[in-house]
Amino acid sequence: MSESANSPDPRTSSSASPSPLKTSQLDQLRSNFRDFPWHRVNWVSAVFLIVTPPLAVLLTSLYVWNHGWSWGLTWLLIGSFTISNLLITVGYHRLFAHRAFEVPGWVRFFLVMLGAGCFQGTCLQWSTDHRRHHRVVDSDEDPYTIGKGFFFAHIGWMLMKDQHPESKRYVPDLANDRWVKLQHDYYLPIAIFAGWILPGLVAWACGLGFWPGVLVGGLLRIVLSEHSTFLINSAAHTFGGQPYTDKNSARDNWIMAFLTFGEGYHNYHHYFQADYRNGVRWYQWDPTKWTIWTMSALGMARRLKRVSGAEILKAKIAMEQKRMAARGASQERLQALRDRIESSHKRMQELQFQMKSEMKLRVAQRAERRRVAQAERQAQLAELRAEVALAQVEFRNAVAAWKAYARAWRTAIQT
Ligand SMILES: [Zn+2]
Ligand SMILES: [Zn+2]
């Protein structure tokens with residue numbers, strides 16, 4: 001055995017002076033601290049985001065310890081959390097960032113002013129970041145790219161100053177909106193009133209007390225609502241399936257949809273971002289889409305944008321083709337089936353467009369009371385209707401042929 005093998009380990013033998021390992025670790029820590037780009041830290045945002053969660057837990061625990069909890073406070077928390085999330089998903093996200101529908105001026109005013117109380121920044125900045133996220137998703141310019149890790153996408157990006165601050169080109173429409181501008185210019189007083197004082201006043205009016213309202217409907221609700229929104233940037237770009245596109249990291253995930261008021265159908269949203277729905281099936285959990293639909297039924301929203309069922313189906317089939325071809329299915333066969341779907345869909349669209357034009361003409365002719373010509377048009381219209389019905393049958397048959405082939409192919413590769 002060599003001498004060096006028997007000699008005591010220098011890293012543990014000395015008790016008087018610091019060990020070399022500890023010294024090198026300390027040096028490393030010091031140099032990391034020195035080299036950290038402190039000038040890039042967004043102190044206001046960083047302190048708020050780091051301090052509020054433990055403060056909310058501490059103050060709520062102290063309150064419960066001293067005063068107990070009540071059903072009233074439970075309802076205040078659920079109600080304020082729901083309203084807060086909807087202000088972001090309905091207002092900031094689908095209305096202001098994506099223009100997925102339109103609202104009257106007074107609804108716009110309430111959405112933007114109360115939205116300030118969610119403490120997620122001004123509507124103008126939020127929409128700028130979000131439109132940029134969609135435009136350059138997953139790239140270095142994406143403000144909350146998942147490429148820099150889960151923590152960065154969730155919260156880390158807000159702790160540092162933006163490296164691409166000049167992004168006004170993304171929001172020319174919002175920069176000229178008077179309520180959005182007003183909220184941007186006087187953000188702090190509006191946010192403090194909507195986010196802290198208003199819940200306090202509501203709680204006081206309900207007999208729960210002003211300060212418990214500020215604590216539960218303000219602080220605690222802000223923390224919970226913020227992290228629900230942040231999950232869309234982190235978890236909805238990490239966990240789940242990609243039924244519509246694999247060209248970006250966005251995922252569809254019903255658990256995330258449940259936690260984020262419907263925004264978890266994020267793969268669909270990145271592919272069809274102007275659609276007012278994220279969960280397109282009636283059973284998919286999307287309270288945001290239900291709220292917008294209810295608003296339209298009450299006259300508080302109009303021109304809801306939605307992608308047609310055929311377009312959605314075609315996007316899914318294109319993705320399925322890619323996956324099946326990668327696993328060895330016949331590319332020619334798949335392409336032939338898809339071409340049939342494409343051509344039948346095109347024919348269906350052309351005929352539907354023709355039919356709409358004919359109907360408009362008919363209305364115009366009725367106004368002119370030209371009976372003979374109208375009778376001719378009636379016959380033409382009936383013919384067109386029959387052709388559209390035939391085209392629809394062909395489209396359905398083409399999709400059914402695709403599904404039958406995909407099913408048979410799956411069974412074949414499993415056996
Ligand atoms: Zn996204
Ligand atoms: Zn979006």
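Visitor: What makes a group of residues the largest nonpolar core here?

Guide: A nonpolar core is a set of buried Ala, Val, Leu, Ile, Met, Phe, Trp, Tyr and Cys residues joined through C-beta atoms within 7 Å. A residue counts as buried if 20 or more other C-beta atoms lie within 10 Å of its own, as exposed if 12 or fewer do, and as partly exposed in between, with C-beta atoms placed from the backbone. The largest such set in this model has 41 residues, and L87, L95, F96, F101 and C123 have the most contacts inside it. At least two of its residues come from each of α5 (71–97), α6 (105–115), α7 (123–135), α11 (187–205) and α12 (210–233); α5 gives the most, with 10 residues. These helices are DSSP runs of H or I, at least four residues long, numbered from the N terminus.

Visitor: How do you know which residues L95 touches?

Guide: Two residues are in contact if their C-beta atoms, placed from the backbone, lie within 7 Å. Leaving aside residues up to four places away in sequence, L95 touches V90, A100, F101, V103 and L111.

Visitor: How far can the model be trusted, and how is its confidence expressed?

Guide: This is a predicted model, in which local features need pLDDT of at least 70 and side-chain atom pairs count only at pLDDT 80 or more, while totals for chains, interfaces and linings use all residues. Residues are numbered from 1 along each chain as its sequence is written, and chains are lettered from A and ligands numbered from 1 in the order in which they are written. The predictor's confidence in each residue, pLDDT, runs from 0 to 100; its mean for the protein is 89, and 93% of the residues reach 70 or more. Over residues 1–16, however, the pLDDT is below 50.

Visitor: Why are the buried residues of α15 said to lie on the same side?

Guide: In α15 (residues 287–297), T288, K289 and I292 are buried. They lie on the same side of α15 because they cover an arc of only 100 degrees around the axis, the arc being that of the directions from the helix axis to the C-beta atoms. On the other side of α15, T294 and A297 are exposed. The cover over the buried residues of α15 includes α5.

Visitor: Which residues bring α5 and α7 into contact?

Guide: Y92, H93, F96 and A97 in α5 meet C123, W126, S127, H130 and R131 in α7.
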